[in-house]
Protein chains: 2
Amino acid sequence: MSNEEHILTEHGVKPTANRILILKTILEEERPLSMTEIETILETVDKSIISRTLATFREHHLLHDIEDGSDSVRYEVCHGHHHDGLCCDEGNDLHVHFHCEACGRTFCFEKTHIPIVNYPEGFQIHSINYMAKGLCPECSAKSGNNDK
Amino acid sequence: MSNEEHILTEHGVKPTANRILILKTILEEERPLSMTEIETILETVDKSIISRTLATFREHHLLHDIEDGSDSVRYEVCHGHHHDGLCCDEGNDLHVHFHCEACGRTFCFEKTHIPIVNYPEGFQIHSINYMAKGLCPECSAKSGNNDK
DNA sequence: GACATCGTTGCAACTGAGTTGCAAAGTTTA
DNA sequence: TAAACTTTGCAACTCAGTTGCAACGATGTC
């Protein structure tokens, strides 16, 4: 049983060929992927399948979505501590994401936690999205602007 | 000359009837509006006009866009300090936004600044989006779950 | 093994947000 | 008033994502 099959079964999702493939893709990229990005990588898989598969994964808390705003929602597999079927960002391991404006990739700063601020009275906070944008090291080097 | 006309002229945008109307709407709501929300409020104005007007406003730094992820991009007029044609979030007055998952409205916590965290080496940060989600006071009260 | 059942697949058709083409209307300048 | 330019408003388009539906495949029962 492959790692992907294991993760799927663990979350109560039947490990079909497409699901294994899609999960494998997201895991291998090691960064949050949008539906369109998955579509591009997996040319052979119909977008309706990707759409439905991602919905299934979400329902089973196998991944969570992050928003980098610039285009579409991206999906990230929870590598953090899973307990009670929750993935990291549904628990307390909120981390910062970074979206490169040049190459369009989104990165996880897993070591960097989101600082909690004081909110006005009466607001109930359920989740927080901390998204920084700019240039990733590679694009920063390419553009010849190498200072930090 | 109305306040709206003044703002438009100040930013080098010719104050036409539609532009005044759209700006007035955004100002009056006092919270970031999405294109669709503006469309709903201003039934008489065609969405192509709203689309083009918002593009014009953006080009002239009259407003900036924030992303609450859940649906579309929202626009907010800069009430902060404007200098050099930059609006607040393009300068250093980054503040926290809050999106209510029940009523779908987005609020500005203008008093709450985004805390800056340490990023991994090599990443150039240009902008930051700090978006909290949950229930606003009104929806929180309605749902009978009134604790903070 | 044959049959019924149920979830999954893959195509096509749809939806909804947003943009663009284009001609008519309005504004500005000489 | 005429020429040049901008804005308007409709319709047509684009693009991402979802849904309808029939075919397919896996699983379970007799």
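**Two copies in a predicted model**

Of the 148 residues of chain A, 47% count as buried. The structure is a predicted model, and every value below was computed from it.

Begin with the build of one chain. Chain A holds 5 helices and 6 strands. Read from the N terminus on, its elements follow the order α-α-β-α-α-β-β-β-β-β-α. Contacts in chain A also link stretches that lie apart in the sequence: among contacts between residues at least 6 apart, 51% join residues at least 24 apart. As for its surface, chain A exposes about 7,600 Å², and carbon and sulfur atoms supply 49% of that area.

A:Leu21 lies in helix α2 of chain A, which covers residues 17-29. A:Gly122, by comparison, is 101 residues from A:Leu21 in sequence and 44 Å from it in space, C-alpha to C-alpha.

Now take both chains together. A rotation of 180° with 0.0 Å of shift along its axis places chain A on chain B, with an RMSD of 0.1 Å. The two copies are therefore related as by a two-fold rotation axis. In chain A, the C-alpha nearest the axis belongs to A:Tyr130, at 2.3 Å from it.

Through which surface do the copies meet? Of the interface residues of chain A, 100% are also interface residues in chain B, so the copies meet through the same surface.

Notes
Residues are numbered from 1 along each chain as its sequence is written. Chains are lettered from A and ligands numbered from 1 in the order in which they are written. This is a predicted model: local features need pLDDT of at least 70, side-chain atom pairs count only at pLDDT 80 or more; totals for chains, interfaces and linings use all residues. Side-chain values use heavy atoms; hydrogens and water are left out. Copies are superposed by least squares on the C-alpha atoms of residues with pLDDT of at least 70 in both. Contact means heavy atoms within 4.5 Å. Helices (H or I, at least four residues) and strands (E, at least two) are DSSP runs, numbered from the N terminus. Buried means under 20% relative accessible area, exposed over 50%, partly exposed in between (1.4 Å probe, protein chains only). Accessible areas come from the Shrake-Rupley method with a 1.4 Å probe; for residues, only the protein chains shown count as cover.
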